[in-house]
Amino acid sequence: LLACCLSIVVAGGICWSFQRQISRKTVVDRHPVTQVVKVLPDDIKVQDGFVTAVGTDQQSKTRESLAVSVRDPQLLDQFRCLDRPTEWQLTGMIQPVMPATNENEFDLCRYYQQRRVYNQVRLAQPPLVRNVTQRGLCDPCHCRRWRLSNYFNRMPEPLAGYCQQLIIGRNSAANDQLMADVKKLGVIHLFCISGMHVVLLVTILRWLGVYLWLDRELVDGLLILALPFYLIVAGGAPSLIRAVIMAEAGLLQDILKLDRLDSWALSLLVGMAWEPAVLLSLGGQLSYLLSFLLQVMDRQITALRQCLFLSLASLPAILSYVFEFHWLSLVISYPMIPLFSFVLFPLVLVSAGTYWLVPAVGELVNRLLLFFQRLGGLVAQLPGDVVFGKPAFWMATVLFLLTLWCISSYRSARRWLVLSLTYLSCFLVIHLPLTGEVN
C-alpha cells in the first residue's frame, strides 16, 4: 500500500510538471521570430514541395514544428540527404499549435503535446542550414534511425512499410490501408501490445551469444545496455517503451527479483516518467491495459477464450477512438496472434537483416505480406460492421471495468448479461440523445 501511494504521488508530480511545462513553453499569440533551431535527420520529412521538421530552439530549448514551402527540386533533394544533426537559421511566424475546432476531429495540438512539441513556425523562406557535430548518445541514435529508414525505403512495398513501422516506428503511407482495416476489424491491439519483435530480438541475440560461446551474463549485460538505445532508434512508441522496460526487467531478474506483474508495474511507472502522456493515446492505453490483462488472466483458459477476452477488453478504448467495431473482431484475433508472433514479425526481421545481401528473401516475404493485406481487406469488407458511436469517458470506463468483472468469473452468465445490457444502453444513449443535435 505504501509503495502504491508513493507511486501515485510520484506519477501525479510528473504529470503536474508536464502540464506546467506545456503552459510555460507555449507562446501566447502569433508573432514574427528569428531563431537558430537544431534539427535531427530523422525528424525531417519532404513531400509535395513542402519540408516539415521538428526542431529545438537553441535559445529557449523548446521543441517546435517547422514548415516551409520549397519550389527548387535541387534544394528539396538537399533536405532529403541531410544525414546528420543540423542547425537551421530561420525567419518566420511562430504561433501555438491550434487545437481541434470540431468535436472528434483529429487534434493536432494534443498529438504534438504528447511529443513535447508546443509551437509551430511557418518559415518565410528556406532556412540557412549548416552541419553541427553529434553530441551525447542520442544524436548518433537518430542518425542511425535515418540511415535505417533510407535502407528500408529501398525495399519493395509493403515490406518497406512493415520494416519502417515495426522496427523503427515510422509511419508509412503504404500501410495506411492496412491500419484502416485492422482498426475496422478491431484487431489494432495486435500492433499495440506486440513488442514481440523486442522479445524476438532478445531471444535471437541470446541464442547467437550461446552459439559463439559467450557467457550468458556478458550477453545479458550487453543487451541491458543496448535496449535503451534501440528504444531511441525505434522512435519510443508507447508499446515499445513497455516492451523494452519489461525486457530489461526480465534480464535483471536475478538482481531485481520481480515477478511478471511487478515488471509490468515498473514498466508503467518508467513509461509515465519517460512520457507523461503515454496513457492519453490509443496505443498507450491498449498496450498497458491488455498487457496487464495477460499478466493476471487465468493460465488455464484456452487460447480461443484468451483472444476473445483481449478483444472484449480492448473494445471500450477502440470505440472511444474509432467509434465502430466489426463482429469478426471477437474471433479473428485467434488466428491473427500466432500469425503475427510466429510468421510475420520473424519474417520481417529476417528480411530487414538480409535484404542487402539476399534480396530474393525480401521479395518472397513481400509477396506474403501482399497476400496478407489483400486478405485483411477482404475480411474487413465482410458484413458485420457496427457504427457504435463514441461513448463518453465515464461510459468507456464502466464498460472496461465491467469487462474485467466478467473475465474474473467468466463462467457466470449473469455477469455477461449485465455487460451486454450495458453496451445496449450506451448504444441507445448515443443514438437516441435526450437533447437535440445538428449534424
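Let me begin with leucine 200, which, setting aside residues up to four places away in sequence, touches Phe345, Pro346 and Leu349. Please keep in mind throughout that what we are looking at is a predicted model. Leucine 200 is found in helix H8, which covers residues 196–211, and because its relative accessibility is 23%, it counts as partly exposed. To give a sense of distance, the C-alpha atom of leucine 200 is separated by 30 Å from that of serine 408, a residue that lies 208 residues apart from it along the chain.

From there I would like to turn to the strands, and to glutamine 35, which is found in strand E1, residues 31–47. Is glutamine 35 buried or exposed? Its relative accessibility is 7%, and buried means under 20%, so glutamine 35 counts as buried. Its side chain makes a polar contact, at 3.0 Å, with the side chain of glutamate 64. Glutamate 64 is also one of the residues that glutamine 35 touches when those up to four places away in sequence are not counted, and the others in that list are Asp57, Trp88, Gln89, Leu90, Ile94 and Val121.

Aspartate 48 is found in the loop between E1 and strand E2, the latter being residues 50–57, and its phi is near 55 degrees, which is a positive value in a residue other than glycine. With a relative accessible area of 70%, aspartate 48 is exposed. Lysine 61 is found in the loop between E2 and strand E3, residues 63–69, and it too is not a glycine, yet has a positive phi, of about 60 degrees. Lysine 61 has a relative accessibility of 49%, and therefore counts as partly exposed.

Now let me move on to two pairs of helices, starting with H4, residues 138–153, and H5, residues 159–167, whose axes come within 8 Å and cross at roughly 155 degrees. Because of that angle, H4 is roughly antiparallel to H5, and H4 passes H5 in a right-handed crossing. Where do H4 and H5 meet? On the H4 side the residues are Ser149, Phe152 and Asn153, and on the H5 side they are Ala160, Cys163, Gln164 and Ile167. By class, the residues of this contact divide into four nonpolar, three polar and no charged. The loop between H4 and H5 is the place of proline 158, and the peptide bond leading from glutamate 157 to proline 158 is cis, with omega near 10 degrees.

The other pair is H13, residues 282–296, and H14, residues 303–322, whose axes come within 10 Å and cross at roughly 155 degrees. That angle is why H13 counts as roughly antiparallel to H14, and the crossing in which H13 passes H14 is right-handed. H13 contributes Leu282, Gln285, Leu286, Leu290, Leu293 and Leu294 to the contact, while H14 contributes Gln306, Phe309, Leu310, Ala313, Ser314, Ala317, Ile318 and Tyr321. Sorted by class, the contact of H13 with H14 has 11 nonpolar, three polar and no charged residues.

Definitions and conventions:
Residues numbered from 1 in each chain as written. Predicted model: local features only at pLDDT ≥ 70, side-chain atom pairs only at ≥ 80, totals over all residues. Heavy atoms only, no water. Helix = DSSP H or I, 4+ residues; strand = E, 2+ residues; numbered from the N terminus. Buried < 20%, exposed > 50% of the residue type's maximum accessible area, 1.4 Å probe, protein only. Polar contact = N/O pair within 3.5 Å; in protein donor to acceptor, adjacent residues only side chain to side chain. Contact = heavy atoms within 4.5 Å. Axes fitted to C-alpha atoms, helices over the stretch in contact; angles between N-to-C directions. Parallel < 35°, antiparallel > 145°, perpendicular 65-115°, else oblique. Left-handed = near helix turned anticlockwise from the far one by under 90°. Nonpolar A, V, L, I, M, F, W, Y, C, P; charged D, E, K, R; others polar.
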